[in-house]
Amino acid sequence: MTPRLSGTGLSKIYGNLLALRDADIRVMPGEVRALIGSNGAGKSTLVKVLTGAITPTSGTVEIDGERAPLGDTREMIRRGVACIYQHANLAPSMSVLDNIFLGRQPTRRLGFVDTKRQRREAEELLQRHAIELDLDAAVGDLPTVKQKEVEIMKALALDARVILMDEPTGWLASSEVAKLHNTIQALKARGLGIIYISHVLDEIFAVCDTLTIMRDGAVIAESAVAETDRPRVVQLMVGERLARESAQAALQKRHPRGTGETRLSARNLSKKGVFEDITLDLYAGEILCITGLIGSKRTELVRTLFGSDRFDAGTLEVDGHAVSFAAPRGAIAKGIGFVPEDRHRDGLMLDMTVTENLAMATLDSYRRGVLLNRSKIAGAGEKAIKSLSIQPPEGARPVKLLSGGNQQKVLVGKWLSRAPRILILDEPTVGVDVGAKAEIYRILRHEREIGAAVLIVSSDIEEVMTIADRIAVMVSGRIVAVHDADAVSRDEIIREIGGALQ
Amino acid sequence: MSDEERSGADRRNFLKTSLLGTAAVASGIGGLFGRFNPSTGALEVSSARADTRLKMAFVQFQPHTVSTAWGKGIAEVLATQQIVDYDQLDGQAKLEVQVSLMDTLISQGVNVIFLQPVDSVGVAPSIAKAKRAGIAVITLNIDATEPHAAHVEMNHYFGAMDIAKAMGDAMGGKGKVAILNAPPGIIIRDQRTNGFTDGLKKYHPDIQVVSDQVADWDRKKAQDVLTTVLAANPDITGVYGVNDSMALGAMDVAKDKGLKLVIFGNDGEKAALEAIEAGDMTGTQYTDVFQQGRLAAAVATVLASGGVSAKAFASQGHLLMPYIIATKDTVGQIQPSQRW
Amino acid sequence: MHVRRATIALIVFFALTISLFSLVAPRFATTSNMENLMGGFSFIAILAMGEAFPILTRGIDLSIGAIVALVGMVVFDLSLIFHVPGYVILAVALAVGALAGALNGLLIVGLRLQPFIATLATLATYRGVVYAISGRQLVPGLTTTPIADPWITGLETYFDIGGALGTDDFLPLPWFPLSFFVMLAMLAVLSVFLLRTKVGRDIYAVGGNAEAARLAGINTGRIILLAYALSGLCAAVAALLLVARLTTATEALGFGMELSAIAAAVIGGVSLSGGVGSVFGPALGAFLLGAVLLGLTLLGISQYVQQIITGLILLAAVGYDRFLLIRRQRRLAANVA
């Protein structure tokens with residue numbers, strides 16, 4: 001049988017950096033191949049070569065046995081290679097319908113768009129895959145989850161023969177992940193080849209047939225999923241040391257209610273139409289995880305705690321004093337740090353350097369008169385880069401050139417430099433590889449040890465079970481339960497998230 | 001005003017237009033050609049026609065000392081009429097803005113439009129439109145190709161010729177001169193430049209124009225331009241600024257470098273006259289611009305009050321302002337009230 | 001959604017402005033004043049429609065005023081020096097405008113220049129070319145010769161529609177200038193082009209998210225080039241109408257007109273951050289600016305105050321755009337299930 005897609009001997013050299021080294025990848029009709037590896041292992045480069053977004057230095061790509069021209073996105077699309085990118089590649093001001101057909105609208109004579117056919121096709125597609133979307137809504141108005149669905153629709157509408165999915169579940173809640181996996185099974189049954197890139201091993205073992213593991217720009221292992229197991233995969237991906245640390249971390253001692261000192265206390269906090277009657281305490285020296293489905297208003301709640309949004313009723317106390325923040329400035333002054341969910345949109349200045357980003361929240365402390373002390377900033381930056389093990393350890397590198405995991409470390413580090421008394425993180429490890437994840441956990445545990453109160457919002461049950469001292473479950477804008485992490489099982493939490501207590 | 005300074009042709013032109021001028025004087029506006037006393041004879045005219053108010057507007061090229069002085073002269077005369085509403089509008093040096101303003105004035109139904117056109121051809125359709133609506137258009141300094149009620153100007157061509165003569169005399173009939181010029185596309189520029197070069201040819205053929213650079217009517221720009229020109233031609237002994245601002249810029253450079261230059265300007269604004277008295281500038285062509293405005297306003301009043309119809313003239317009225325070439329010897333004749 | 005709401009707001013504001021001036025400004029609600037509005041601002045509307053294209057691609061075109069002068073001078077030279085027949089002049093003029101615009105696009109795409117920088121450079125260059133080819137400088141005497149070719153002057157024709165329909169007895173209509181109908185025709189064609197053709201949608205895509213457009217296989221370079229060429233073409237049409245109105249061209253023609261066009265486009269709801277807007281908005285924005293200027297002039301308000309008021313309207317437009325955006329985001333935050 002001819003492979004749907006086959007790349008052979010692909011290399012990409014940037015200056016003196018070997019981003020991709022003689023990589024081979026193959027996917028057969030009806031095969032779902034996982035492509036895994038730490039961030040910076042070369043997966044993204046490989047994907048870009050396959051979509052034609054970049055031209056490889058050497059190597060060939062064949063689609064259905066036919067040699068494809070390299071570095072030509074339009075030609076790749078025409079030959080049936082679709083890609084769902086990690087970061088939404090949508091035009092936010094345009095409608096869902098326009099986005100789905102971006103760049104390849106069906107046309108009639110004279111280049112007129114056949115709007116009727118376009119709408120009909122989109123509706124059929126939505127129906128077939130049981131996805132609910134308002135075709136006329138502007139994409140920028142949709143929440144992240146829905147935007148991801150638009151991306152998926154975009155690829156499906158293409159009638160692709162090969163679909164590359166670059167962390168498609170990054171921002172999806174578990175029920176939506178399941179739905180996506182059903183879709184993948186259906187695509188597979190129709191003989192498509194799928195390359196599935198993910199950091200979530202659960203997903204890979206659930207949906208993939210084969211896997212290709214990359215490290216340092218090269219393919220280091222290939223295997224059928226059935227013939228391997230998690231520890232082996234993790235070991236291959238991150239190398240021996242990190243794998244060990246990660247395993248140890250899971251066995252760490254829990255500290256529910258930490259030192260017993262209440263840092264942040266919400267009483268009957270409400271915001272009309274968003275969340276209701278939230279009563280919650282956060283103690284110094286503990287990690288409290290709020291979990292729940294996407295759309296359960298966890299993000300809105302923590303944004304309110306940080307002063308980004310206002311609340312209507314109830315009280316909020318920090319260190320025993322009632323507060324009502326008009327803006328994040330007030331929260332920051334009280335020692336609250338906040339790492340937002342979408343790091344590209346809310347958290348980082350992508351064009352600025354690592355050092356500049358790290359210093360951003362604390363510029364005031366580097367002031368000498370009205371001027372900034374640059375050498376002091378650089379010094380502090382270097383120290384932070386080391387303690388966070390940001391790779392590559394170059395302060396002058398623009399943040400946009402870092403991998404997702406390292407960007408996240410910069411974002412966390414930005415707040416750590418203020419030595420926050422309360423640290424709030426919204427989905428801190430989305431799109432972050434296993435290695436970087438372990439490091440972020442290490443950093444957060446360290447913050448806990450030195451007495452910070454840490455509040456994490458996460459939909460990743462593994463993550464919650466690994467790192468939390470206490471777990472709060474949120475459903476439809478209400479906190480339905482708070483548990484000590486030691487005293488609750490994974491399955492119980494999952495049931496509660498699903499609404500068992502209502 | 002000394003008659004000797006005026007060429008014969010100039011005098012003939014002036015006489016040709018005396019018909020309108022006489023009408024203006026006859027309309028009983030006392031002190032028109034001198035200082036004005038608003039409490040005298042003018043009141044009689046206004047009381048006679050107080051029942052209907054008249055509207056007049058001045059569409060200027062762009063704000064400048066010259067157009068401001070015109071506006072002052074016009075307003076002075078019209079104020080004595082007490083039945084005239086007067087507006088001064090800014091053409092922003094843009095032809096399309098002037099045309100749009102003209103359109104608005106026409107639909108507003110004004111009686112007279114004073115116009116300093118940005119371009120002679122470009123305003124022609126608007127003038128034709130105004131005429132159809134029975135509106136008298138009086139142009140100032142820049143004529144239009146479409147015939148209209150009257151044109152009031154100082155003679156740029158002959159004035160510049162006279163400047164060339166006086167300048168050549170001051171230079172001893174030989175040497176090299178630089179012109180600091182206006183940006184191209186404006187008639188005055190051509191009239192003055194041609195008058196100047198023709199004058200040199202006629203009276204002082206040994207004097208050479210070695211540089212003709214644009215300095216945007218501007219004093220500061222003129223300083224920069226002349227500094228560069230002098231670097232290339234250090235033997236220049238005369239500079240002609242096509243307006244006084246540019247001549248004053250040349251004066252600044254000469255002072256700064258300690259050079260003895262013969263510097264002539266054009267228009268005769270207050271600052272230039274003072275520089276001539278101080279001996280820093282050699283001369284300029286002076287016209288009483290207040291008077292020019294008053295004259296235009298007088299003509300306008302005659303036309304608007306129905307004393308004389310514009311249609312009574314077979315061709316467009318043409319009023320030439322008298323001028324003098326003001327040098328250290330003659331500048332004293334210009335009274336403080338005539339300085340603008 | 002967003003575009004539509006802003007457009008409705010603009011229409012309402014336009015209607016309010018017209019009604020207000022009709023009440024307070026003497027002789028505002030007259031047929032002759034309406035003629036002035038149509039005759040004096042149709043070409044600004046066309047420029048603004050052209051400007052919408054670069055702005056939709058998240059760029060800007062500062063050179064359109066210079067292109068107006070360039071095209072105007074080409075018409076001047078061809079007609080008065082070379083006595084080329086008018087229909088040829090019309091074709092050449094449009095080609096010159098489109099090429100000058102395409103050159104902008106080429107600089108932006110080929111050399112990856114910022115649109116602001118690239119078109120600022122061409123603004124200076126085109127103005128320089130205007131002086132260099134100016135027939136007024138090259139051939140003495142032409143400064144006082146009007147362009148009389150009927151193909152050109154015919155563009156400044158007024159139609160007495162009211163008279164033809166016989167409505168003048170009960171409802172006197174203004175005479176409609178040909179330039180107004182040219183504007184309407186371009187509005188129709190460009191609207192359909194933007195909304196209904198693939199290339200038109202691609203323009204929005206490039207402005208909305210250039211990277212997404214590129215990855216979707218859209219030739220973003222070609223789209224940007226096209227946007228600037230269209231801007232240049234519109235400038236050429238505006239230049240022709242202007243030359244017909246003035247019967248001549250000057251070196252300074254169209255000076256600063258790019259700012260009016262950009263203001264009209266922004267007031268018309270074209271977002272400076274790209275991907276949002278229409279051509280109807282800019283056209284209406286131009287007439288709104290025109291109505292305000294005419295109304296204030298008729299009220300006898302100083303032109304400096306007029307500029308301040310124009311600036312305030314522009315600020316209000318940008319502010320309103322932001323307000324809609326923020327309110328939409330708030331509502332969304334409250335509604336998401």
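**Figure 1. Confidence in chain C and in the predicted model as a whole.** Chain C has an average pLDDT of 89, and 95% of its residues score at least 70. The structure you are looking at is a predicted model, with an ipTM of 0.85 and a pTM of 0.74. A word of caution for any close-up: where pLDDT is low, the predicted coordinates should not be read in detail.

**Figure 2. Where chain A meets chain C.** In this view, 26 residues of chain A are in contact with 28 residues of chain C. Follow helix 2 of chain A, residues 73-78: with 3 residues, this helix gives the most to the side of chain A that touches chain C. On that side of chain A you will find 12 nonpolar, 9 polar and 5 charged residues.

**Figure 3. Domains 2 and 3 of chain A.** The domain assignment divides chain A into domain 1 (5-240), domain 2 (241-335 + 420-502) and domain 3 (349-413). Taken over C-alpha atoms, the centres of domain 2 and domain 3 of chain A are separated by 26 Å. Their contact involves 8 residues of domain 2 of chain A and 8 residues of domain 3 of chain A. The side of domain 2 of chain A that touches domain 3 of chain A holds 5 nonpolar, 1 polar and 2 charged residues.

**Figure 4. Domains 2 and 3 of chain B.** For chain B, the assignment gives domain 1 (3-48), domain 2 (53-148 + 289-321) and domain 3 (156-287 + 326-338). The C-alpha centres of domains 2 and 3 of chain B are 30 Å apart, and the contact takes 9 residues from domain 2 and 6 residues from domain 3 of chain B. On the side of domain 2 of chain B that touches domain 3 of chain B, helix 4 (65-81) and helix 12 (289-304) each supply at least two residues. Helix 12 of chain B gives the most to this side, with 3 residues. By class, this side of domain 2 of chain B has 5 nonpolar, 4 polar and no charged residues.

**Figure 5. Two loop residues with positive phi.** Most residues other than glycine have a negative phi. Ser389(A), which is not a glycine, has a positive phi near 40°; look for Ser389(A) in the loop between helix 14 (374-387) and helix 15 (404-416) of chain A. Ser389(A) counts as partly exposed because it has 14 C-beta neighbours inside 10 Å. Arg27(C) also has a positive phi, about 60°, and sits in the loop between helix 1 (2-24) and helix 2 (31-56) of chain C. With 13 C-beta neighbours inside 10 Å, Arg27(C) is likewise partly exposed.

Notes:
Residues numbered from 1 in each chain as written. Chains lettered and ligands numbered in written order. Predicted model: local features only at pLDDT ≥ 70, side-chain atom pairs only at ≥ 80, totals over all residues. Domains from an automatic or database assignment. Contact = placed C-beta atoms within 7 Å. Helix = DSSP H or I, 4+ residues; strand = E, 2+ residues; numbered from the N terminus. Nonpolar A, V, L, I, M, F, W, Y, C, P; charged D, E, K, R; others polar. pLDDT = per-residue confidence, 0-100. Buried ≥ 20, exposed ≤ 12 C-beta atoms within 10 Å, placed from the backbone.
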